[in-house]
Amino acid sequence: MYSGILGALQDLNTQQAMSAWQTAINETEIGKSIGSLEKFLFLEIPMSFAGGELLSAGWRASGIGRVLLSQANKAFRIASSGGGETLPMTIQKIIPQGTKVADIINDIKGLTWSTGNEHAVVRLANGEKAIVSGGPGGISFEIGQIKTLFGHTHPTVAPPSSADFRALKILNQTRQYVFHGGETTLIRP
């Protein structure tokens, strides 16, 4: 009799622990980061070895990929390949209609030079163009926060990073500009 009660209590404790664990994974920043890492380690890498495009196409066709990726792609970033802290997007300035492109570029270069942080020119979800900033190593964006990434700065001479190319794919863009160490690089997916 006691073993039955003990077993029922253990099952209840296990269910409560699993529920708390799942909540932590889904609702905390570190949990989301761990989820992205798990996706990379246990889904993307094995798929590239075990079946490549055929297996990947099967996952896409079945729709399972959308379910798995819905939690993993809550955020993306642009980053300097030179390293440094990546911070969430902060709006610095809404760009008035009719502002010259050369003036916008000079603004983001000057802001980067004076602060040491990356800056970008984006179209926000509401349609406005803005200059945004992050940290010295990059800017992180939530999915749906911006529609277009026109270009961004690197505070060092570091060339475009893999995160810069990944951002293009996530936003379904054909190009963006990276301003780094006095150079301008047009990148494409």
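**From a buried threonine to a pocket**

Tutor: Thr153 is buried, with a relative accessible area of 2%. This is a predicted model, so local features need pLDDT of at least 70 and side-chain atom pairs pLDDT 80 or more, while totals for chains, interfaces and linings use all residues. Residues are numbered from 1 along each chain as its sequence is written, and side-chain values use heavy atoms, leaving out hydrogens and water.

Student: Why does Thr153 count as buried?

Tutor: Because its 2% falls under the 20% cut-off for relative accessible area; over 50% is exposed, and partly exposed is in between (1.4 Å probe, protein chains only). Across the chain of 189 residues, buried ones make up 29%.

Student: Where does Thr153 lie?

Tutor: Thr153 is in strand β7. Strands here are DSSP runs of E with at least two residues, helices are runs of H or I with at least four, and both are numbered from the N terminus. By that count the chain has six helices and nine strands.

Student: Which side chain makes a polar contact with that of Thr153?

Tutor: The side chain of Thr112, at 2.5 Å. A polar contact is a pair of N or O atoms within 3.5 Å; within protein, one must be able to donate a hydrogen and the other to accept it, and residues adjacent in sequence count only if both atoms are side-chain atoms. Thr112 also has a 3.2 Å polar contact with the side chain of His119.

Student: What about His119, then: buried or exposed?

Tutor: His119 is buried, at 2% relative accessible area. You'll find His119 in strand β4, residues 119-124. A polar atom of the His119 side chain also sits 3.0 Å from the backbone oxygen of Asn117.

Student: Which residues does Thr153 touch, beyond those within four places in sequence?

Tutor: Contact means heavy atoms within 4.5 Å. For Thr153 the list is Ile108, Lys109, Thr112, Asn117, Glu118, His119 and Phe179. Over the chain, 61% of the contacts with a separation of 6 or more are between residues 24 or more positions apart.

Student: How many bridges join β4 and β7?

Tutor: Five, in the antiparallel sense. Two strands pair if DSSP finds at least two bridges between them. Within this pairing, Val122 stands opposite Leu149 in β7. β7 also has β8 as a partner: those two run parallel, with four bridges, and His152 has Val178 in β8 as its bridge partner.

Student: Last one: how should I read the second largest pocket, and which residues lie nearest its centre?

Tutor: Rolling a probe the size of a water molecule over the atoms shows where empty space is left. On a 1 Å grid over the protein atoms alone, a pocket is an open set of points where a 1.4 Å probe fits, with protein on both sides within 12 Å along at least five of seven lines; lining residues have an atom within 4 Å of a point. Its volume is the space filled by probe spheres set on the points, which are joined across faces, edges and corners. Here the second largest pocket holds about 410 Å³. Of its 17 lining residues, Val101, Ile104, Val121, Lys129 and Phe150 lie nearest the centre. α5 (101-115), β7 (146-154) and β8 (176-180) each supply at least two lining residues, and α5 gives the largest share, four.
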